[in-house]
Amino acid sequence: MRNTLLSLLFIGMSAAPAQADTETVINLSVKDGFFTPTEIVGPANAKFKLVVKNEGTTAEEFESSELNREKVIAPGKSVTVFLGPLPAGTYKFEGEFHPKTAQGKLIIR
Amino acid sequence: MLSLLFVVAREFLEAVLIVSIIYAFLHKQQLSKQGRPYLLGGVAGGVLLSGLLALTLYRLSDWLEGQGLLYFEAGLFIVSAALMTQMVFWMRRVGHRMKAMIEGDLKESLHSSGFLGIVLVTALGIGREGSEVATYIYSLSLSEQFSVTSIATACLLGVVMALVFYKALTRGMTAMSLNTFFKVTSVFLFLTAGSLLLEATARLSETGILPDLVPVVWNSSHLIAPDSWVGQSLKLLIGYRPMPSLMMVLVYVGYWALIALLYKMNPAKPRGSVQPKKMKTGTEVDPVLNKASSSAS
């Protein structure tokens, strides 16, 4: 019962932004300090969603000063990063809790 | 272990700076005795808030997925920035009116309004940064990577490092002249509030409610790389962004314009210099009125 209510609420909330479904979705995963893939490609001058899934056992913070985004991801969870419209270019991102190894690039073209 | 220590230390740096400023201020005004319970209350509240926020991230992240969390965070940042700004003006007012207040009846009103601000600014400062540390530590304790003892040791070391830093800072700040202290700390707090507003702007533009106007106004990544030592420090201190949107630039400039305006409206004059003829203009009013008008801003 409680689950049904929660999922109903969830459906209601995710349905709220009307334009969301037509956007491109790009998947990225991070596992204990490593992104896969390390290079992702997104569309220029369009809105899109980047879904970052944490498949590791430690928390990670998806951070990019160039994209102006910062998000903590608990292990086993995923977060949605709403991006764009962005001009073509290369944008670096990193895992702030593992900055030595967790490095990646978003190429917009 | 070492990386854990660095995360703890870095996340707490900003909170430690803010707590140090408040304590040094209270100490300078000989209010540390009255103020300490509020400051400690703020610290305790912040630790509690960290735990609650971290729990929210874990338990409700699917639920808040999408935009709910963005609005929540943006709200948190805006409230923090507003409180921090208000606190600077409060400190300034108290600083200049201290003598009168200690002698007069105003002491009571000083306690209630400003000290509540101290509790909130401290709690939100620690809560914001602390929730990230809490999430990180909690996930570490769930993974097999680190033993509970090594996590506890690292946390303890992190706290000790923060305390040492805090002691050094407060000592340095109490040694400053009152004037220098006000200048340095006001600028720091305004800068911090400004970069919180940038964070809020980024989140609101992510929800789509606030347009970017121009997504990338300039690109200074090649001049000062955001992941370099300099870039990181500048980000912490002045909210440096290598590729800001026009909206971020406008918010940042607008915030500083507002500060300039507030300074113009509340000129800090030593008590003796209030000239009777100035009363006509309405800009120089008695302390009580002045206090009320600036706490409304």
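**View 1. The crossing of helices α1 and α6 in chain B of this predicted model is right-handed.** A crossing is called left-handed if the near helix is turned anticlockwise from the far one by less than a right angle, and right-handed if clockwise. Helices here are DSSP runs of H or I with at least four residues, strands are runs of E with at least two, and both are numbered from the N terminus. Two packed helices are described by the angle between their axes and the distance between the axes. For α1(B) and α6(B) the angle is about 35° and the axes lie 8 Å apart, where axes are lines fitted to C-alpha atoms, for helices over the stretch in contact, and angles run from 0 to 180 degrees between N-to-C directions. The residues of this contact divide into 20 nonpolar, five polar and one charged; Ala, Val, Leu, Ile, Met, Phe, Trp, Tyr, Cys and Pro count as nonpolar, Asp, Glu, Lys and Arg as charged, and the others, Gly among them, as polar.

This is a predicted model in which local features need pLDDT of at least 70 and side-chain atom pairs count only at pLDDT 80 or more, while totals for chains, interfaces and linings use all residues. Residues are numbered from 1 along each chain as its sequence is written, chains are lettered from A and ligands numbered from 1 in the order in which they are written, and side-chain values use heavy atoms, with hydrogens and water left out.

**View 2. B:Gly172 is found in helix α6 of chain B.** B:Gly172 counts as partly exposed because its relative accessibility is 37%; buried means under 20% relative accessible area, exposed over 50%, and partly exposed in between, with a 1.4 Å probe and protein chains only. B:Gly172 and B:Ser20 are 152 residues apart in sequence, and their C-alpha atoms are 10.0 Å apart in space.

**View 3. Four strands of chain A form an open sheet in the order β2-β1-β4-β7, with mixed pairing.** Two strands pair if DSSP finds at least two bridges between them. Strands β2 (34-36) and β7 (78-83) of chain A stand at the edges with a single partner strand each, so one side of each is left without a neighbour in the sheet. Neighbouring strands of this sheet are turned by 25° against each other on average, direction ignored. Strand β1 (residues 24-31) and strand β4 (residues 48-54) of chain A run parallel and are joined by seven bridges, and A:Ser29 stands opposite A:Lys53 in β4(A).

**View 4. Strand β5 (residues 60-64) of chain A is mostly covered, with five of its five residues buried.** In a regular strand the side chains alternate between the two faces of the sheet. A:Glu60, A:Phe62 and A:Ser64 point one way from β5(A), whereas A:Glu61 and A:Glu63 point the other way. Five bridges join β5(A) to strand β6 (residues 69-73) of chain A, and the two run antiparallel; the bridge partner of A:Glu61 in β6(A) is A:Val72. The hairpin of β5(A) and β6(A) has four residues between the strands, and in this hairpin A:Asn68 takes a positive phi near 60°. Strand β5(A) is also joined by two bridges to strand β8 (residues 89-95) of chain A, again antiparallel, and A:Glu63 stands opposite A:Glu94 in β8(A).
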